[in-house]
Amino acid sequence: MKILHTSDWHIGQTFYDYDRTEEHKHFFVQLKKIVRDEKPDLLLVSGDLYHTSAPSIAAQELYNESLLQLRDESLAFGGMHIILIAGNHDSSSKLDVDGLLWKYFNANVVGTIPRDNDESLENRAFYDSVFAKHIIPVRKSRENEVLGYVVAIPHCYPQNFPNINPKDGKQDRMKKFIALLLEKVAEINTEGLPVILTAHTLVTGSNIKGHDAIIVGGLDNSDIGTFSSGWDYLALGHIHFPQEIKGSNGKARYSGSPFPMNFEEDYDHFVNIVEIEKRGEMPQVRQIPIEPLYKMETISAKDFPEGRRSCMDLLPLLHNYPPHKKAYIRLEVRETGELPSDYIQRVKTALTGKKARYCLVKQEIPDKPAEGEGLSLTAAQVGALSPREMAEIIAPEFFLKDGDEKYDDKQGLAELFDQAVSNVTEQLS
Ligand SMILES: [Mn+2]
């Protein structure tokens, strides 16, 4: 079985007010060519299809059109199965509704995980519906033979997984749910076909390069042991940096997002081609690079060899910026005080007529002030801070006093803060 694994498309993202539709289209042109060249049996998308839970009409149109075109492309070589799961950015219930129609195009969209008042194993009807939704036999077309199985686990907070044993803690719920699905697959997979597990989650110990600590922080980490055994490839989504999970022997991987979603993601991006013939065989994995339409470019005063230079010294670099180069531009300046009031205007003027898109100026944050001195941040500095960075500056300033043992646990405080932000984000989403 040949699988094209990708994730974290984030269709409909706007970046500093710039619409990214053109960039997504550029990605889908490349993805269609990969489908044409590689002829996969399965296109597997591990969550964050959309950037927001209420995507615009234009974003939904691009999603529908692209999936239909990918499917049409596959008809030339006998078809391919398409399987998509919800990520934390998606509206899982909305994806379920759309999925009612997609199944007629040999595409399974797995949004929510069913729940019931009685989730004990005696409730056979409930678990039959769970197995029917989350265990997907892979077929090139709806009439074809089964080539393998996908166990699909959409994004779900650990406490919201079915409660097989009411005494279980929240992390155990997820682990037992996945183990139950894999046991069921083992029972029906009498021919020894390959088994693929897909999930949208943070696996403990993965490289979170490019992600805000808040988004991936908190307590919702899953140890690789959470995914039990009985699968040949674990197709992960959520982390945008492509990588294999340590301790998985190369069998568990984040494909990564197809192009950068922020300035920290200016590394190479890929989709994965995975080949597995039989249950228990090592998957053969190849990464196929995706060329971004716009690059992420940080122009920094730190790059001057002479050290500290004025923000004004960056302006000639912008004037000389190649006019046809497509890039998002972030400036990093070393000034800790107020910038000249016309600075942003001068930056924009320097880029006039060029393809480059100005995004922001990131100012260096001043060192902790001496005792008695107040902390002062400019508006630009505040705007460039993440909630966690803000808390780290504010907390010692207002709440922590020397020798105050109760609040001296920095790590503990940071975790509490992450948890609070994650709770709020959950309520808002
Ligand atoms: Mn994502």
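## Strands β7 and β8

In this predicted model, Ile136 stands opposite Val150 in β8. Strands β7 and β8 pair in the antiparallel sense over four bridges; two strands pair if DSSP finds at least two bridges between them.

A residue is buried if 20 or more other C-beta atoms lie within 10 Å of its own, exposed if 12 or fewer do, and partly exposed in between, with C-beta atoms placed from the backbone.

## Basis of the model

Residues are numbered from 1 along each chain as its sequence is written. The model is predicted: local features need pLDDT of at least 70, side-chain atom pairs count only at pLDDT 80 or more, and totals for chains, interfaces and linings use all residues.

## The chain overall

The chain has 11 helices and 19 strands. Of its 429 residues, 35% count as buried. Among contacts between residues at least 6 apart in sequence, 71% join residues at least 24 apart; a contact means that two C-beta atoms, placed from the backbone, lie within 7 Å.

## Nonpolar cores

A nonpolar core is a set of buried Ala, Val, Leu, Ile, Met, Phe, Trp, Tyr and Cys residues joined through C-beta atoms within 7 Å. The largest one holds 67 residues, of which Leu44, Val150, Val151 and Ile196 touch the most other members. Helix α5 (residues 170–188) gives this core its largest share, six residues. Apart from it lies another core, of 13 residues, including Leu318, Val333, Ala356 and Val361.

Not counting residues up to four places away in sequence, Leu44 touches Ile3, Leu4, His5, Ile83, Val150, Ile196, Thr198 and Ala235.

## Helix α5

Helix α5 has 19 residues and reaches 28 Å from its first C-alpha to its last, close to the expected 27 Å. The expected span is 1.5 Å times one less than the number of residues. Buried in α5 are Arg173, Met174, Phe177, Ile178, Leu181, Leu182 and Val185. They lie on the same side of α5 because they cover an arc of only 155° around the axis, the arc being that of the directions from the helix axis to the C-beta atoms.

The buried residues of α5 pack against α4 (124–134), β7 (135–138), β8 (148–153), β9 (195–200) and β11 (221–222). On the face turned away from the buried side are the exposed residues Glu183 and Glu187.

## The six-stranded sheet

Six strands form an open sheet of mixed pairing, in the order β6-β5-β4-β1-β15-β16. The edge strands, β6 (107–110) and β16 (284–290), each pair on one side only. From one strand to the next the twist averages 20°. Strands β4 (residues 42–45) and β5 (residues 81–85) pair in the parallel sense over four bridges, and the bridge partner of Leu42 in β5 is His81.

Helix α1 (residues 21–38) lies across β1 (2–6), β15 (269–275) and β16, running at about 170° to β1. Axes are lines fitted to C-alpha atoms, for helices over the stretch in contact, and angles run from 0 to 180 degrees between N-to-C directions.

## Asp116

Asp116 is found in the loop between β6 and α4. It counts as partly exposed because it has 14 C-beta neighbours inside 10 Å. Leaving aside neighbours within four places in sequence, Asp116 is in contact with Asn123 and Phe126.

Notes. Helices (H or I, at least four residues) and strands (E, at least two) are DSSP runs, numbered from the N terminus.
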